[in-house]
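Have the structure open as you read.

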Amino acid sequence: MERTVAHLNTLKDRHPGDLWARMHISSLEYAAGDMTRKGRKKDKARVSELLQGLAFSGDSDVEEDNKLEAHHAQKKLKMSNVPEKNWAKRDIKPSFPSWSALDSGLLNLKSEKLNPVELFELFFDDEIFNMIVNETNNYASQKNVNLEVTVQEIRCVFGILLLSGFVRRPRRGMYWEISDADQNLVRDAIRRDRFELIFSYLHFADNSHLDQKDKFTKLRPLIKQMNRNFLLYAPLEEYYYFDKTMCECFDSDQFLNGKPIRIGYKIWCGTTTQGYLVWFEPYQEESTVMVDKDLDLGLGGNLVMHFADVLLERGQYPYHLCFDSFFTSVKLVSALKKKGVRATGTIRENRTEKCPLMNAEHMRKMKKGYFDFRVEENEEIILCRWHGDDIISLCSNAVGIEPASELSCSADEDDIHQIAQPSIVKLYDECREGVAKMDQVISKYRVRIRSKKWYSILVSYIIDVAMNNAWQLHRACNAGTSLGLLDFRRYVAHFYLEHNANLSD
């Protein structure tokens with residue numbers, strides 16, 4: 001080893017320009033501690049690497065220069081392929097057709113006059129209940145347990161889970177202890193030990209056919225089926241909002257600021273403006289969402305494009321998607337326009353493609369209601385910056401400044417005045433509450449019973465989302481005579497417990 005180091009030092013003197021090599025060659029007398037066998041192996045490998053690097057040091061500078069020149073040439077070529085943005089101070093001239101779609105699906109639901117249970121089972125249908133029964137029995141048999149659960153018992157379990165949203169107990173065993181109307185329903189429907197056994201083996205996928213790249217593979221069959229049913233019965237509307245939300249779980253390391261629930265599983269979701277969930281996907285580092293890689297839209301852009309494809313499965317209508325600054329870019333809005341989908345969203349400063357809008361700091365000195373805007377001439381996309389309660393920047397391919405409206409604004413209790421609000425700002429404000437409305441409904445009567453399985457919290461979330469969607473359809477079909485959320489949920493829970501009770505037990 002000492003002779004090798006001496007040889008390296010000789011090479012070092014011959015090549016004084018190799019600073020990297022000089023930094024890594026030193027005498028063994030400076031080594032800290034005794035050299036172990038493992039350390040000697042590492043040193044030999046390092047020495048070989050240094051020798052190889054020094055052997056070709058004469059060409060290294062030339063190679064680096066060539067690589068650098070090739071990189072710059074490739075970068076220039078890539079930049080030349082991207083057309084330069086041409087911004088003009090005018091309003092947008094959208095070329096989308098007007099919305100004229102008729103929601104025949106909702107008209108059919110109105111004519112059928114479905115009760116709350118039938119609406120809930122539009123989503124948790126017989127196919128899903130049978131899948132749960134089969135996978136639960138299969139999982140129990142793998143654990144050498146002869147469970148033989150039935151669809152009737154699974155519906156009883158669901159009844160108790162729904163009941164826990166509005167009848168809360170410190171321990172779930174108390175649902176069989178205290179004697180009142182709801183507890184009598186639970187005790188008459190299923191024994192406590194039987195419920196605990198079924199709940200502990202509740203399963204949704206075959207463990208022998210799991211996709212190891214998918215973090216939520218144990219729930220993937222349920223997620224796919226629910227997304228299919230959510231889309232099938234979703235109200236056909238013009239406006240949709242795409243955002244992220246949280247499923248509360250304190251064992252998770254995911255955090256989302258600015259939401260009522262900040263710790264849990266992050267979920268991407270697309271909703272109607274009233275809060276009906278059309279599509280959802282739990283967040284994971286290796287996203288399972290597949291889109292065109294050539295677009296290079298990033299994670300947020302890919303998710304929005306996928307949601308647009310989901311909506312277009314129902315028909316080639318001019319949908320209008322709204323989303324926040326996490327997703328928005330000029331490239332995304334342009335890509336959606338090519339699909340025939342309208343889009344509006346807030347946009348970050350570093351994604352404005354050098355649009356010459358008034359600086360945000362300068363705009364803060366202007367009066368409230370002041371706005372600046374530009375249109376990209378080649379792609380007909382507008383960027384607008386508006387001074388309201390704060391400075392907000394928006395991007396759209398379908399809505400611009402006119403018609404501007406008047407908005408009441410108060411600096412204090414006595415000083416109320418009108419300020420101008422561009423059409424693009426007004427539309428975004430009206431659409432962005434979709435996910436928040438869904439979260440508000442779910443938070444009122446959330447399933448409270450949990451199992452030890454990590455995905456139990458997500459199963460409860462899916463049940464609550466299905467209940468939200470069923471109630472949204474109930475309100476749309478029974479305007480003026482609809483049940484409140486509590487009465488609607490109680491109806492389903494009581495029906496499952498009363499009509500699926502094991503009377504022979």
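A salt bridge here is a side-chain nitrogen of Lys or Arg within 4 Å of a carboxyl oxygen of Asp or Glu. Keep in mind that the model you're looking at is predicted. With that cut-off, a search of the whole structure turns up 26 salt bridges. We'll stop at a few of them.

Zoom in on Asp 372 and Arg 374, and you'll find their closest N and O atoms 2.8 Å apart. Are these two partners buried or exposed? Both Asp 372 and Arg 374 are buried.

Next, look at Glu 380, which forms a salt bridge with Arg 90, again with 2.8 Å between the closest N and O atoms. This pair ties together distant parts of the chain, 290 residues apart. Glu 380 sits in the loop between strand S7 (371-376) and strand S8 (381-387), while Arg 90 is in the loop between strand S1 (87-88) and helix H5 (104-112). Why does Glu 380 count as buried? Because its relative accessible area is 11%, and buried means under 20%.

Finally, move over to Asp 429 and Arg 432, whose side chains meet in a salt bridge with an N to O distance of 3.7 Å. That value is within the 4 Å cut-off, so the pair counts. Asp 429 has a relative accessible area of 27%, so it is partly exposed. Arg 432 is also partly exposed, at 37% relative accessibility.

Methods:
Residues are numbered from 1 along each chain as its sequence is written. This is a predicted model: local features need pLDDT of at least 70, side-chain atom pairs count only at pLDDT 80 or more; totals for chains, interfaces and linings use all residues. Side-chain values use heavy atoms; hydrogens and water are left out. Helices (H or I, at least four residues) and strands (E, at least two) are DSSP runs, numbered from the N terminus. Buried means under 20% relative accessible area, exposed over 50%, partly exposed in between (1.4 Å probe, protein chains only).
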